[in-house]
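Here are my notes on the model you sent over. Have a look at the structure first, then run through the points below.

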Amino acid sequence: MSELILASTSSARRALMDGLGLPYRAEAPGVDEVVSPHLSAEDAVRELASRKARAVHQRHPEAWVLGADQLVEVAGEILSKPQDRNAAREQLGKLLGHTHAIHTGVCLVGPDGQVHEAVETARLGFYALSAEELERYLDLDEWVGCCGSYRVESAGQALLERLEGDRSNVQGLPMVTVVRLLRSAGFRFFERR
Ligand SMILES: Nc1nc2c(ncn2[C@@H]2O[C@H](COP(=O)(O)OP(=O)(O)OP(=O)(O)O)[C@@H](O)[C@H]2O)c(=O)[nH]1
């Protein structure tokens with residue numbers, strides 16, 4: 001049975017894959033994540049998810065390899081992971097009281113080299129917060145390593161007024177889509193291993 005590799009350093013993506021209960025391992029993609037500034041958010045995450053999955057599949061051509069990438073889009077601006085607390089405050093300042101989109105690209109490369117990919121979008125409406133409440137949320141450090149500077153499954157739930165789409169997509173992997181890609185590629189679930 002070909003092994004399954006998650007081409008990711010993301011703890012949230014690992015947690016989502018753990019939930020699926022399949023034997024797999026994670027490996028850092030180790031790719032350059034610079035893309036053309038002219039790409040749409042959807043095209044950028046599609047390109048980067050593919051770059052990550054293909055890079056790891058080149059090292060392990062007999063494996064199933066899954067890569068993903070995520071960006072936030074709000075009022076025509078694209079946001080990725082904040083570098084520090086000030087950047088997180090600036091990001092959340094753009095999201096609070098408004099609706100934004102989370103785009104996640106997913107790419108699966110099979111042992112046969114076939115590539116299966118998708119981009120999933122979720123839309124989130126956030127409450128407006130006072131400056132003081134925002135500082136209290138920032139104190140929780142949920143912004144660290146998170147595109148958009150919040151964690152939708154943790155205290156960040158208190159920001160969320162409305163969610164359209166797959167909650168796991170917001171966390172980093174749209175699991176309904178991941179399963180669809182695996183099944184369409186011929187991956188067999190519930191195999192005795
Ligand atoms: N726990 C959690 N993580 C989130 C949330 N929203 C975004 N993220 C994380 O933000 C990161 C998005 O940045 P990416 O560049 O796609 O991925 P990365 O963290 O660099 O990890 P790689 O897969 O190794 O590229 C991912 O790790 C997501 O899991 C959330 O609501 N909860």
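1. Starting with charge: the chain carries 22 positive and 28 negative side chains, and the centres of these two sets sit 5 Å apart. Keep in mind that this is a predicted model.

2. As for the inside, 46% of the 193 residues count as buried.

3. The fold has 6 helices and 7 strands. Reading from the N terminus, the order is β-α-β-α-β-β-α-β-β-α-β-α-α. The chain's radius of gyration is 17 Å, close to the 16 Å given by the globule rule for 193 residues, so the chain is as compact as a globular protein of that length.

4. If you want dimensions for a figure, the C-alpha trace spans about 55 × 35 × 25 Å along its principal axes. Among contacts with a separation of 6 or more, 66% are between residues 24 or more positions apart.

5. The UniProt record, an unreviewed entry, has an "active site" annotation covering Asp 69. That annotation may be inferred rather than shown by experiment. In the model, Asp 69 lies in strand S3, which covers residues 64-74.

6. Is Asp 69 buried or exposed? Its relative accessibility is 6%, and the cut-off for buried is under 20%, so Asp 69 counts as buried.

7. What does Asp 69 touch, leaving out residues up to four places away in sequence? The charged side of the list has Arg 13, Glu 33 and Lys 52. Also among its contacts are Val 45, Leu 48, Ala 49, His 103, Thr 104 and Gly 105.

Notes:
Residues are numbered from 1 along each chain as its sequence is written. This is a predicted model: local features need pLDDT of at least 70, side-chain atom pairs count only at pLDDT 80 or more; totals for chains, interfaces and linings use all residues. Side-chain values use heavy atoms; hydrogens and water are left out. Helices (H or I, at least four residues) and strands (E, at least two) are DSSP runs, numbered from the N terminus. The radius of gyration is taken over C-alpha atoms; the globule rule is 2.2 Å times the number of residues to the power 0.38. Buried means under 20% relative accessible area, exposed over 50%, partly exposed in between (1.4 Å probe, protein chains only). Contact means heavy atoms within 4.5 Å. The place of a charge is taken as NZ of Lys, CZ of Arg, CG of Asp or CD of Glu.
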